[in-house]
Amino acid sequence: MRTRPDDTGSTDAGHDEPVERTSPARAAALEAVTSREVADWWTTEVSDIEPGVIRFRGYPVQDLIRRATFVETVWTMVRGSMPSPAQAALLEKALVAAVDHGPQAPSIAAARMAATCGVGLHGAMSTGVGLLGDVHGGAGQQCVELLQRLVTASTGGEDDEGADDAGSCAAVPLREAVAAEIAAHRERRSYIPGFGHRFHSHDPRRDPLLEFVREAVDAGVVGGRHLAAALELEAQLSAGRERPVPMNIDGATAVIYAELGFTAELARGLFILSRSVGVLAHSWEETRSGRRIKGPMPPPLLPTYTGQAERAWTAATVDTP
């Protein structure tokens, strides 16, 4: 509430007194809104909080503390119900695999630089996470979208339980669907997300992740259609090449997220959740190093300059591009 100086001539002159600033419009607005409408403004199915009560998706927090793992809690929070132990175990593999990729990853490098600038741990972490966009960090989401398109095309819209989607269409063989997708990407001159790696000729995270997916397929935990699509993509991308184009971490984790039924956008969110662990570890390490204002390259090196040579500034100077 605003105040104004007291000018009534009282002995307390100079002290501030509250001034009522409620206009007719504000008074009418307050009358128009009920307490129920205020309470419903942030309606949520995620958490239920009252004095002495904390429930996540209906599960009392004390039960989760006693019985649930962190991965099971993550699943429950974003999906609304508990996973089976086998589903949680498969999700955990994907989260473990993506926690870090060293300072050559832009998100980690940026977080470490920020840590030396005195922004605090929260500032360093938000800097790193903020770099996880479409180019760096988005390939997993894009690969899930790709795999979902291939499964839809090769099944005519039929899901893993055998039911048809409302928008079902004639199915095409998986091999043909993959070939068409690759051709479309090549025509656009766009890369296929989830395959190949700028650093690894063979991503060491691929094989163990796919082994766990195969085990989950054999056990009936997941259907295996997204795995089949990814393997067919890998085979066709590598055909006729001297150097294969194997699946990378984004492709392998995309298989897991798609097989477990996560939407493509949630797949990116889960990757960010996982990579935040690495961002935290590197930010903390750099914070403790005591180094100040660490730039992108060692001090003896200078960025390559490609602009104008040194020139004089005079009133008669005419600048030409």
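**Close-up views of the predicted model**

**Figure 1. The largest cavity has a volume of about 30 Å³.** The structure holds one cavity of 30 Å³ or more; a cavity is a set of points on a 1 Å grid over the protein atoms alone where a 1.4 Å probe fits but cannot get out, and lining residues have an atom within 4 Å of a point. Volume is the space filled by probe spheres set on the points, which are joined across faces, edges and corners. The model is predicted: local features need pLDDT of at least 70 and side-chain atom pairs pLDDT 80 or more, while totals for chains, interfaces and linings use all residues. Residues are numbered from 1 along each chain as its sequence is written, and side-chain values use heavy atoms, without hydrogens and water. The largest cavity is lined by Gly140, Gln141, Asp250, Thr253, Tyr257, Ala267, Arg268 and Phe271. Helices α8, α12 and α13 each give two or more residues to this lining. By class, three of the lining residues are nonpolar, three polar and two charged (nonpolar: Ala, Val, Leu, Ile, Met, Phe, Trp, Tyr, Cys, Pro; charged: Asp, Glu, Lys, Arg; polar: the others, Gly among them).

**Figure 2. The largest pocket has a volume of about 480 Å³.** It is lined by 20 residues, of which Val135, His136, His197, Arg198 and Asp250 are the closest to its centre. A pocket is an open set with protein on both sides within 12 Å along at least five of seven lines. Helices α12 (249–259) and α13 (264–289) each supply at least two residues of the lining of the largest pocket. Eight residues of this lining are nonpolar, eight polar and four charged.

**Figure 3. Arg268 and Asp134 form a salt bridge, with N and O 2.6 Å apart.** Arg268 belongs to helix α13 and Asp134 to the loop between α7 (120–130) and α8 (139–155), so the pair ties together parts that are 134 residues apart in sequence. Arg268 is buried, with a relative accessible area of 15% (buried under 20%, exposed over 50%, partly exposed in between; 1.4 Å probe, protein chains only).

**Figure 4. Arg67 pairs with Asp63 in a salt bridge of 3.3 Å, N to O.** The two residues are four apart in helix α3 (residues 61–67), and so are separated by about one helical turn. Arg67 is exposed, at 62% relative accessibility, and Asp63 is partly exposed, at 31%.

**Figure 5. A salt bridge joins Asp40 to Arg36, the closest N and O atoms being 3.5 Å apart.** Arg36 is exposed, with a relative accessible area of 59%. Asp40 is partly exposed, at 38%.

**Figure 6. Residues 1–7 have pLDDT under 50.** For this segment the model has 21 contacts beyond four places in sequence, a contact being heavy atoms within 4.5 Å. Where pLDDT is low, the predicted coordinates should not be read in detail. The chain averages a pLDDT of 91, and 89% of the residues score at least 70; pLDDT is the predictor's confidence in each residue, from 0 to 100. The chain has 13 helices and five strands, taken as DSSP runs (H or I, at least four residues; E, at least two) and numbered from the N terminus. Of its 321 residues, 33% count as buried.

Key: A salt bridge is a side-chain nitrogen of Lys or Arg within 4 Å of a carboxyl oxygen of Asp or Glu.
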